[in-house]
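Here is a series of questions and answers that set computed values against the definitions behind the terms. Please look at the sequence and the structure first.

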Amino acid sequence: MTKLALKMTVLLLVLVSIGTCGNKADQDTTESATSGELKEYEGVKLSSVASDFVENSIEGPQHVDREKYRLQVTGLVDSVRTFGYDQLVSRPSIKKVVTLNCVEGWSATILWEGILVRDLLSEAGVESTANTVIFHASDGYSTSFPLSYVTENDIIMAHRMNGLTMPPERGFPFELVAGGKWGYKWIRWIDRIELSDNDKYRGFWESRGYSNDGDLKKGFFD
Ligand SMILES: Nc1nc2c(c(=O)[nH]1)N[C@H]1C(S)=C(S)[C@@H](COP(=O)(O)O)O[C@H]1N2
Ligand SMILES: [Mo]
């Protein structure tokens, strides 16, 4: 073998092994992310995290770094609060089966597990002039609710689905489980919760004609 041929062979072997490692790692991630998923909970059949969702995110799936992740509670609060991922998921959590309904006509029934949003708000101290909660996400998405929706219901930000850590495509680290509301109110990749007195605020889809209320019992256009 000539020196050049030898170099080429070595290079080829290196490339092939890098390629194989990459694929293997991807497969492992996908399998570990969905194997062991609960199929049923207290007699209710659950949808599949891996195959019952339709990807429709405005900027495609976001990959949020767990170490760098910070959630901020800002706006009309007594003190701005910042939380890391581990700090949040080690808090007491609540489990509930809720169905997400997208306006595109599909739905998914999932056992969600997460933390109460109103607890985070009371820790920051909500000012008396606030009447609106605006959620922001790392892809630039946002949606808002009357403050009472979040304080008078057990509204959670989920970090687990069907017994497993929420996968990146589904919203890791947190998706809002906006019970009773259309899917576009279920903001994923939440990184900021803003308290506001602007009840005219309109989120991403709301400013494009979808109802701000987003109530499942009503239509989705204003
Ligand atoms: N950050 C962010 N959250 C989002 C969206 C998005 O594009 N970006 N799409 C919304 C829409 S229209 C739906 S139906 C649900 C779907 O979420 P899922 O795929 O995890 O169920 O996410 C909602 N949350
Ligand atoms: Mo949707």
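**Values and definitions**

The backbone oxygen of Asp213 lies 3.0 Å from a polar atom of the side chain of Lys181. This is a predicted model, in which local features need pLDDT of at least 70 and side-chain atom pairs count only at pLDDT 80 or more, while totals for chains, interfaces and linings use all residues. Residues are numbered from 1 along each chain as its sequence is written, chains are lettered from A and ligands numbered from 1 in the order in which they are written, and side-chain values use heavy atoms, with hydrogens and water left out.

Q: What makes the pair formed by Asp213 and Lys181 a polar contact?
A: A polar contact is a pair of N or O atoms within 3.5 Å; within protein, one must be able to donate a hydrogen and the other to accept it, and residues adjacent in sequence count only if both atoms are side-chain atoms. The backbone oxygen of Asp213 and a polar side-chain atom of Lys181 are 3.0 Å apart, so the distance meets the limit of 3.5 Å.

Q: Is Lys181 called buried or exposed, and why?
A: Buried means under 20% relative accessible area, exposed over 50%, and partly exposed in between (1.4 Å probe, protein chains only). Lys181 has a relative accessible area of 8% and is therefore buried. Its place is in the loop between E11 and E12, where strands (E, at least two residues) and helices (H or I, at least four) are DSSP runs, numbered from the N terminus.

Q: How do you know on which side of H3 the buried residues lie?
A: The buried residues of helix H3 (residues 117-124) are Val117, Leu120, Leu121 and Ala124. They cover an arc of only 100 degrees around the axis, and therefore lie on the same side of H3; the arc is that of the directions from the helix axis to the C-beta atoms. An α-helix has 3.6 residues a turn, so residues three or four places apart point the same way. H3 is followed by Gly125, which has a positive phi near 80 degrees.

Q: Which residues are the closest to ligand 1, and how many surround it?
A: Ligand 1 is surrounded by 18 residues, and the closest are Phe53, Ile58, Asp139, Arg170 and Trp186; a residue is near a molecule if one of its heavy atoms lies within 4 Å of it.

Q: What makes Arg170, Trp186 and Arg188 polar contacts of ligand 1?
A: A polar side-chain atom of Arg170 is 2.9 Å from an oxygen atom of ligand 1, while a backbone N or O atom of Trp186 is 2.9 Å from a nitrogen atom of the ligand. A backbone N or O atom of Arg188 lies 3.0 Å from a nitrogen atom of ligand 1. The protein covers 98% of the 530 Å² of accessible area that ligand 1 has on its own, by the Shrake-Rupley method with a 1.4 Å probe.

Q: Where does ligand 1 sit?
A: Ligand 1 sits in the largest pocket, and a molecule sits in a pocket if more than half of its atoms lie within 2 Å of its grid points. A pocket is an open set of points on a 1 Å grid over the protein atoms alone, with protein on both sides within 12 Å along at least five of seven lines.

Q: What is the class of Arg81, and why?
A: Arg81 lies in strand E4, and its relative accessible area of 26% is why Arg81 is partly exposed.

Note on methods. On a 1 Å grid over the protein atoms alone, a cavity is a set of points where a 1.4 Å probe fits but cannot get out, and a pocket is an open set with protein on both sides within 12 Å along at least five of seven lines; lining residues have an atom within 4 Å of a point.
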